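The sequence and model are shown first.

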Amino acid sequence: MNRRNFLGLAAGGTFVATAGTPSIPQARSVAGEQSMTTETSYALTRPAYIDQSHLVVTDLAVVSGFYQSMLGLKVIEKTASGQVLGVGDLPLLTLTLTTAKDAAIAPRNAAGLFHTAFLMPDRAALARWLRHAANNNVVLDGASDHLVSEAIYLSDPEGNGIEIYADRPHEQWKFDQDGMVDMATLRLDLQALYDSATDEHWSGMAVGTAIGHLHLQVGDIPQADAFYRDVLGLKLMASRPGASFFATGGYHHHIAANIWNSRGAVARADNMTGLSDYKLRFNDKATLDAAISKLDTLEIKSEKRDGGVFLRDPWGIGLTLSA
């Protein structure tokens, strides 16, 4: 398929949004585009943000090769059982080869990862990545304009969802009186985004790229609200049928949870591939201390690990809280 057909089909909606694409009721579109260039993305300046993600895979070479060639991540560290990938010297994604003899790809309806969302430093970087994707016939799952951001969705070779996105400037976001942010799912004009890309050589993921958010599959939304909002202290930024979006410091979401595929899901089995755990880093120590104190008060099992406090959510997904 040539680049024009690739982009035309995706922009026209032929690529149906699947496991990696959130569904939010439609609202108004945003007039005009503006590239945002900052040294540190707004998402990472909030009291807490997603630091790193950890996937367990059955074929390390194939999955790592995909993230390197298609996403442009670099291998920062190699171990006997895995690799750490990132941008420059910033680690973002750890891949570990499963040692389970009965390892199984996590089924679509299991709790775990919906997508890992890689946040580009600006719209220009997103456009350059899209041009690279088109030139290399990357298969997309979908693309959306969420008002606060522009997002492109795909999946890795083992079905782990991926979002590549760029935020619009924070001052353009609309907030309701209760502090919730106005988001939607509108069609993203991929051809226009592609045409805006500069002709400079694409040499990998742009410096400044980070994990902007993680979107999780869970078994129950009230239970997710109770954990991420009431225990960890994240604010509910948006609520949709079957989904909640949580963040700190007015970001649109650092963590999302949905039951679109996974209603009633129980804790993940030990032999499942996919999302093993992730790191939630706190810029504000008081916010971290409050979260740890709540864990102790509620007698939620945790342990000190990797310079932080490790625990599991109600569906067995690990997370490390650290400053």
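Among contacts (heavy atoms within 4.5 Å) in the protein chain between residues at least 6 apart in sequence, 73% join residues at least 24 apart. The model is predicted: local features need pLDDT of at least 70, side-chain atom pairs count only at pLDDT 80 or more, and totals for chains, interfaces and linings use all residues. Residues are numbered from 1 along each chain as its sequence is written, and side-chain values use heavy atoms, with hydrogens and water left out.

Helices (H or I, at least four residues) and strands (E, at least two) are DSSP runs numbered from the N terminus. Buried means under 20% relative accessible area, with a 1.4 Å probe and protein chains only.

| Property of the protein chain | Value |
|---|---|
| Secondary structure | six helices and 17 strands |
| Buried residues | 55% of 323 residues |
| Accessible surface (Shrake-Rupley, 1.4 Å probe) | about 13600 Å², 50% from carbon and sulfur atoms |

In helix H2 (residues 60-69), the buried residues are Leu60, Val63, Ser64, Phe66 and Tyr67. Seen down the axis of H2, these fall within an arc of 155° (taken from the directions from the helix axis to the C-beta atoms), so they line one face of the helix.

H3 is mostly covered, with eleven of its 13 residues buried, including Trp129, Leu130 and His132. At the N-terminal end, Asp122 caps H3 through a side-chain oxygen 3.3 Å from the backbone nitrogen of Ala124. Asn137, with a positive phi near 55°, follows H3.

Note on methods: Buried < 20%, exposed > 50% of the residue type's maximum accessible area, 1.4 Å probe, protein only. Polar contact = N/O pair within 3.5 Å; in protein donor to acceptor, adjacent residues only side chain to side chain.
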